[in-house]
Amino acid sequence: MKPYVGPFYKPHEGVWRAVAAIALLYLLYLSFLLFQNTKFARSLLAYIDPSLNKVITRDMHTYDDHCEITLENVWSNFDHYYLAHLLGWFVLGFMIRDRFVLHSWGLMDEIVELSWQHILPHFRECWWDHVFIDVLFSNSVGIELALFVIKATGMNLYDWLGKKGAKSWREWKVFTCHRHFGFLMTFYIFVIGRFLGMFFFMNAMLLPPYNLISALRVVCWAFFAYLPFREIYEDISTWFTAERKTKRVEGNYRWLGMAIIVMECVVSYKFRFGTGNMIENAETPLYIIIPWVVAFVGLGGFYVYLRFNKNRTRKFKEPIKGEEVREDKLKAQQRSLTTRIRYSLYK
């Protein structure tokens, strides 16, 4: 691994370098699995935990068996998944730091579950579980608690939509700049792929949700996701600014993250048969296909419009001559010098 050059230097650069190295090793593991047969691929994890490599059956806890609104049924859903949701969204709050993006992400997860539950029964839940336990009592509570801590400790909030300085929502950069809009759509594709890959990969490798390996995998993803998300935010926040001429935005971890997501999906598709908890060759209803197609076509068309209209934004913005520009260049030179010093320490 080359010396870590990224946005995080606390608690130590070595920590984030190790996180990136683990992510790269995980990608190599997925690449190795792709060329193995089903029996051997699933047996590898059994060397770590002998209880694995067994067909996942529906006698495990499911969430659509008893949908009557009773105290017993509701209380039974406040289990390890509820705690995982609550803690997960608390951590994601520090990662994204934007209320709109976080809550829309939470709603998107629920829509994805509804869209794929005819294939993976594990996604099936009662309506009140989706609305109250997931969205209101776990996702929203974790998000708002994280944002409260961020404000209380003086940490910076992020502006993913480009609302700063805008007089109305029509002037938000996400609606006027193809870079903002494109990366926000890439962000949602990223999280949808990660969400699906997380569950389908567990199903393909016969990993029960409460297994320690599944938990460690989620924790590793949580640490690594900080890097590509911060890269994306730095990219859109410096786009069409004078600072972009002197500040280099890396993209290594974005590509690594996308590669892992694609490989997880491909491996899950290859080993989809014989899992015991997946409806093989299920037909997707039109009422699911049509909204997704319309959404992708509409959003893709809007991106093309922003990308090729005559008022589109460019990578650089010509600076205004003055003291502020000279100070920005001096700061950029100081950051460049600091980076070179860090590189020299590893040589």
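Here are some questions and answers about how the labels on this predicted model come about.

The model is predicted, so local features need pLDDT of at least 70, side-chain atom pairs count only at pLDDT 80 or more, and totals for chains, interfaces and linings use all residues. Residues are numbered from 1 along each chain as its sequence is written, and side-chain values use heavy atoms, with hydrogens and water left out.

Q: What makes up the protein chain, helices or strands?
A: There are 12 helices and 0 strands. A helix here is a DSSP run of H or I with at least four residues, a strand is a run of E with at least two, and both are numbered from the N terminus.

Q: Why is glutamate 264 called buried?
A: Buried means under 20% relative accessible area, exposed means over 50%, and partly exposed is in between (1.4 Å probe, protein chains only). Glutamate 264 has 0% relative accessibility, so it counts as buried. This residue lies in helix α10, residues 252-270.

Q: Which residues does glutamate 264 touch, not counting residues up to four places away in sequence?
A: The list is Tyr26, Leu30, Gly197, Met198, Phe201, Arg217 and Trp221. A contact means heavy atoms within 4.5 Å.

Q: How do you know that cysteine 67 and cysteine 126 form a disulfide?
A: The cut-off for a disulfide is a pair of cysteine sulfur atoms within 2.5 Å. In this pair the sulfur atoms are 2.1 Å apart, so they form a disulfide. A search of the whole structure finds 1 disulfide.

Q: What makes the disulfide of cysteine 67 and cysteine 126 left-handed?
A: The torsion about the S-S bond is about -85°, so the disulfide is left-handed. Cysteine 67 sits in the loop between α2 (38-44) and α3 (71-76), and cysteine 126 in the loop between α5 (99-116) and α6 (127-152), so the pair ties together parts 59 residues apart in sequence.

Q: Which label goes to cysteine 67, buried or partly exposed?
A: Cysteine 67 has a relative accessible area of 30%, so it is partly exposed.

Q: What joins Arg179, Glu231, Asp235 and Arg254 into one network?
A: Arginine 254 forms a salt bridge with aspartate 235, with the closest N and O atoms 3.0 Å apart. Salt bridges that share partners join Arg179, Glu231, Asp235 and Arg254 into one network. Glutamate 231 also bridges to arginine 254, at 3.5 Å between the closest N and O atoms.

Methods
A salt bridge is a side-chain nitrogen of Lys or Arg within 4 Å of a carboxyl oxygen of Asp or Glu.
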